[in-house]
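Reader: Please take me through some residues and helix contacts of this structure, with the cut-offs behind each term.

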Amino acid sequence: MIRDDRAVAEEHDAPALFRPIRIRGLEIRNRVWVPPLCQYSVTERDGVPHDWHLVHLGSMAAGGAGLVIVEATAVSPEGRISDYDTGLWNDAQVEAWARITRFIRSQGAASGIQLAHAGRKASVWPETVRRTGSQPLDEGGWTTVAPSAIAFDGLRAPVALDEAGIRGVIEEFRAAARRAVEAGFDVVEVHAAHGYLVHQFLSPLSNVRDDGWGGDLRGRARLLLEIVGAVRAEIGERMPMFVRFSATDWAPGGWDEEQTSTVAGWAAEAGADFFDISTGGLVRDVRIPVGPGYQAAHAEFVRGRAGVSVSAVGRITTPEQAERLVASGAADAVMFGKAMMRDPHLALRAANELGAGAAIWPPQYRRARPEVNDGEW
């Protein structure tokens with residue numbers, strides 16, 4: 001499904017990070033991508049993105065990114081991490097997102113949306129509010145759901161989903177995918193990472209069910225695979241679908257990169273095209289060896305073991321670091337998160353430092369290019 005334009009790019013001596021990539025019917029201009037970055041900024045608490053989201057996301061598109069994936073966006077009100085999150089369960093949200101996707105496209109970038117359900121990690125105070133823990137029911141919070149009635153440490157205990165509830169979640173993802181198409185997104189990503197609902201089903205630490213939605217790996221992966229099938233049915237054959245995985249729980253007896261690789265292969269068979277590899281989030285107080293590019297080896301492992309295309313994310317901060325990952329074949333693209341928030345024009349800087357040329361510069365900014373300003377950035 002993926003065409004890597006290496007021959008064409010090599011004729012023009014382009015750095016690996018700036019070679020276009022085709023996934024199904026979509027060509028993305030480079031491999032400098034923006035991952036979902038939660039903003040907790042929907043102050044009306046209605047799930048509708050507004051001017052902050054337009055400027056935040058639009059600046060990264062104008063700054064040369066190839067793909068801009070918007071923040072974890074809930075498929076239902078109960079699926080939000082907090083009530084300051086964006087959503088995609090009604091027409092008002094579709095209309096607001098359409099304004100943003102139009103601008104992203106106008107800058108030559110592709111837009112993606114991460115569809116999410118927070119499960120037992122829902123109904124919490126956002127980072128922008130100086131309170132922690134679950135939002136009380138009498139202060140706007142709600143009852144959370146999970147595969148099993150096991151609480152995330154420090155949060156209110158969830159209710160275990162029954163068969164009807166699970167089917168309802170699948171239909172919420174299906175409907176949100178349909179709205180993503182209507183809103184003009186180029187890519188849909190299913191969030192199966194960071195300890196949220198789909199990850200909760202995948203991990204044996206949070207899923208202790210003994211029915212068809214738990215037990216062995218196939219049972220624990222069933223929710224994800226049915227969501228992937230439902231989303232593919234809605235978005236058609238030309239639109240790319242990503243899945244974000246946490247490759248490991250960093251905890252004994254938990255989810256790991258071997259299971260991730262196996263399920264990535266199954267998800268590819270079910271209709272997913274690309275895998276965004278992160279780690280952690282399911283349990284608190286685990287030892288994570290955080291450092292430069294600390295998750296990239298997990299992306300490379302999944303890519304090699306499952307034979308799928310992946311992106312790397314996590315403490316990747318420099319163009320040279322990202323170029324090595326793509327040029328070596330460790331990853332097919334790189335997600336710049338906090339580095340992109342610090343510098344929304346990171347892709348322009350990377351193109352300059354790697355000698356990729358001026359093609360991605362917006363016309364309005366071309367007079368600021370270093371090569372016409374004595375080489376100064």
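Author: This is a predicted model, in which local features need pLDDT of at least 70 and side-chain atom pairs count only at pLDDT 80 or more, while totals for chains, interfaces and linings use all residues. Residues are numbered from 1 along each chain as its sequence is written, and side-chain values use heavy atoms, with hydrogens and water left out.

Reader: Where does W125 lie?

Author: Helices (H or I, at least four residues) and strands (E, at least two) are DSSP runs, numbered from the N terminus. By that assignment, W125 lies in the loop between β6 (110–116) and β7 (145–146).

Reader: Is W125 buried or exposed?

Author: Buried means under 20% relative accessible area, exposed over 50%, and partly exposed in between (1.4 Å probe, protein chains only). W125 has a relative accessible area of 11%, so W125 is buried.

Reader: Which residues does W125 touch, not counting residues up to four places away in sequence?

Author: Contact means heavy atoms within 4.5 Å. With residues up to four places away in sequence not counted, W125 touches R131, T132, G133, S134, Q135, P136 and E139.

Reader: How many Å apart in space are W125 and S82, C-alpha to C-alpha?

Author: In sequence, W125 and S82 are 43 residues apart. In space, C-alpha to C-alpha, the separation of W125 and S82 is 6.0 Å.

Reader: What is the relative accessibility of H53?

Author: H53 is placed in helix α2 (residues 51–62). Leaving aside neighbours within four places in sequence, H53 is in contact with Q39, S41, V42, G58, E71, T86 and I100. H53 counts as buried because its relative accessibility is 0%.

Reader: What is the phi of R315?

Author: R315 is in the loop between β12 (309–313) and α9. Its phi is positive, in a residue other than glycine, and is near 55°.

Reader: How are α7 and α8 oriented to each other?

Author: The axes of α7 (residues 257–270) and α8 (residues 296–306) come within 9 Å and cross at roughly 50°. Axes are lines fitted to C-alpha atoms, for helices over the stretch in contact, and angles run from 0 to 180 degrees between N-to-C directions. Angles under 35 degrees count as roughly parallel, over 145 as roughly antiparallel, 65 to 115 as roughly perpendicular and the rest as oblique. Therefore α7 and α8 are oblique.

Reader: How do the residues of the contact of α7 with α8 divide?

Author: The contact is made by E257, E258, T260, S261, A264 and G265 of α7 and H298, F301, V302, R305 and A306 of α8. Ala, Val, Leu, Ile, Met, Phe, Trp, Tyr, Cys and Pro count as nonpolar, Asp, Glu, Lys and Arg as charged, and the others, Gly among them, as polar. The residues divide into four nonpolar, four polar and three charged.

Reader: How is α9 oriented to α11?

Author: The axes of α9 and α11 come within 10 Å and cross at roughly 75°. That angle makes α9, relative to α11, roughly perpendicular.

Reader: Against which elements do the buried residues of α11 pack?

Author: In α11 (residues 346–354), the residues L346, A347, L348, R349, A350 and A351 are buried. They pack against β4 (32–34), α2, α9 (319–327) and α10 (338–342).
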